[in-house]
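Let's take a walk through this structure together, one region at a time. Have the sequence and the 3D view at hand as you read.

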Amino acid sequence: MASKKQDLTVELRGKKKEVALVRLTRPAKRNALSDGLIYALRDAFQNLPASVRAAVIDGEGEHFCAGLDLSELKERDAGQGVFHSRTWHTALDAVQYGPVPVIAALHGAVVGGGLELASSAHIRVADATTFYALPEGTRGIFVGGGGSVRIPKLIGVARMTDMMLTGRVYNAEDGERLGFAQYLVPEGQALDKALALAERIAQNAPLTNYALTHALPRIAEQPADHGFMTEALISAIAQAAPEAKARVRAFLEGKAAKVQKG
Ligand code: 1HE
């Protein structure tokens with residue numbers, strides 16, 4: 001089952017249609033994000049079918065995403081510029097704060113707004129062809145899709161500043177070492193790895209997944225004293241769910257998998 005909007009498809013995978021594969025399908029333009037594609041992305045994540053427990057984003061062709069569609073970068077007045085940037089914020093918030101964990105499968109260019117999109121996912125899997133850059137600095141513009149909030153959380157303010165000031169490009173290996181991607185796989189294997197992770201995540205209790213994607217990032221930004229209180233509340237809510245009780249009972253009765261040495 002697949003649905004298609006502007007330059008984007010959503011395909012449901014898995015026995016219970018528990019994994020949504022959201023694909024940018026504009027390879028001739030390196031999956032550059034036009035306004036229409038940004039709206040399609042927002043709509044896809046705001047309307048995931050109820051069966052979906054995890055999602056994967058990938059890009060058709062040789063590159064994940066070349067960022068903002070520069071052909072649409074017309075002269076905007078300040079108000080229109082704010083509105084445009086806020087449209088991106090809404091769309092990428094729909095990815096980060098949607099109903100389910102999201103894994104980005106990266107390859108080739110992950111640049112500008114493409115890196116902002118990748119940063120809104122919860123897990124990034126990169127193949128060996130991946131490279132990361134923020135050409136905004138050299139194009140005389142600035143990030144506008146949430147990058148200044150999300151990217152420093154992955155690699156730190158100093159590295160992001162350097163990338164934008166100097167046009168520095170990180171390759172796949174360095175990107176994994178610095179924190180852009182949590183997984184590095186051989187060329188052509190990012191999508192399979194991302195789908196396998198999504199399938200595994202889809203088996204978790206939905207409330208635990210929700211706590212991880214919605215509570216954890218907020219707790220991390222709270223003062224410690226507030227964070228401890230929020231943690232207590234969300235952990236009590238998660239533990240009280242019937243599904244949590246059943247899963248703990250299964251372990252105590254020897255019916256659930258033990259933690260295996262990594
Ligand atoms: C595009 C775009 C685009 C490609 N907007 N059309 N992003 C950038 O500054 C990155 C610009 N793109 C590139 O540096 C390269 O295209 C790539 C390294 C990504 C890929 O290189 P390559 O050799 O495979 O492709 P290409 O020949 O450069 O591009 C193929 C076509 O895609 C070509 O169009 P054609 O009609 O001549 O075939 C390109 O013009 C087109 N194309 N990238 C529009 N980005 C919310 S604020 C976010 C701010 C930003 O993201 S700024 C950073 C923008």
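Helix 9 and helix 10 are roughly antiparallel to each other. In this predicted model, the axes of helix 9 (residues 206-221) and helix 10 (residues 224-240) come within 11 Å and cross at roughly 175°; an angle over 145 degrees counts as roughly antiparallel, which is why the pair gets that description. Where do the two helices meet? Helix 9 contributes Leu-207, Ala-211, Ala-215 and Ile-219, while helix 10 brings Gly-227, Thr-230, Glu-231, Ile-234, Ile-237 and Ala-238.

Is strand 7 enclosed by the rest of the structure or left open? Buried residues make up 5 of the 5 in strand 7, so it is largely enclosed by the rest of the structure. In a regular strand, side chains alternate between the two faces of the sheet. Strand 7 has both faces covered, with Ile-123, Val-125 and Asp-127 buried on one side and Arg-124 and Ala-126 buried on the other.

Strand 7 also has partners to look for. Strand 5 (residues 102-106) runs parallel to strand 7 and is joined to it by 4 bridges, with Ala-105 standing opposite Val-125. Strand 10 (residues 183-185) pairs with strand 7 in the parallel sense too, over 3 bridges; here Ala-126 has Leu-184 as its bridge partner.

Strand 8 (residues 131-133) and strand 9 run antiparallel and are joined by 2 bridges, and Phe-131 stands opposite Asn-171 in strand 9.

Strand 8 leads us on to the aromatic rings. The structure holds 2 aromatic pairs. In one of them, Tyr-132 and Phe-180 have ring centres 4.5 Å apart and planes at 15°, so this pair is stacked. Tyr-132 lies in strand 8 and Phe-180 in the loop between helix 7 (172-178) and strand 10, so the pair ties together parts that are 48 residues apart in sequence. Together with Tyr-170, Tyr-132 and Phe-180 form one aromatic cluster.

Notes: Residues are numbered from 1 along each chain as its sequence is written. This is a predicted model: local features need pLDDT of at least 70, side-chain atom pairs count only at pLDDT 80 or more; totals for chains, interfaces and linings use all residues. Side-chain values use heavy atoms; hydrogens and water are left out. Two strands pair if DSSP finds at least two bridges between them. Buried means under 20% relative accessible area, exposed over 50%, partly exposed in between (1.4 Å probe, protein chains only). Axes are lines fitted to C-alpha atoms, for helices over the stretch in contact, and angles run from 0 to 180 degrees between N-to-C directions. Angles under 35 degrees count as roughly parallel, over 145 as roughly antiparallel, 65 to 115 as roughly perpendicular and the rest as oblique. Contact means heavy atoms within 4.5 Å. Rings of Phe, Tyr and Trp (its six-membered ring) pair if their centres lie within 6.5 Å; planes under 30 degrees apart count as stacked, over 60 as edge-to-face and the rest as tilted.
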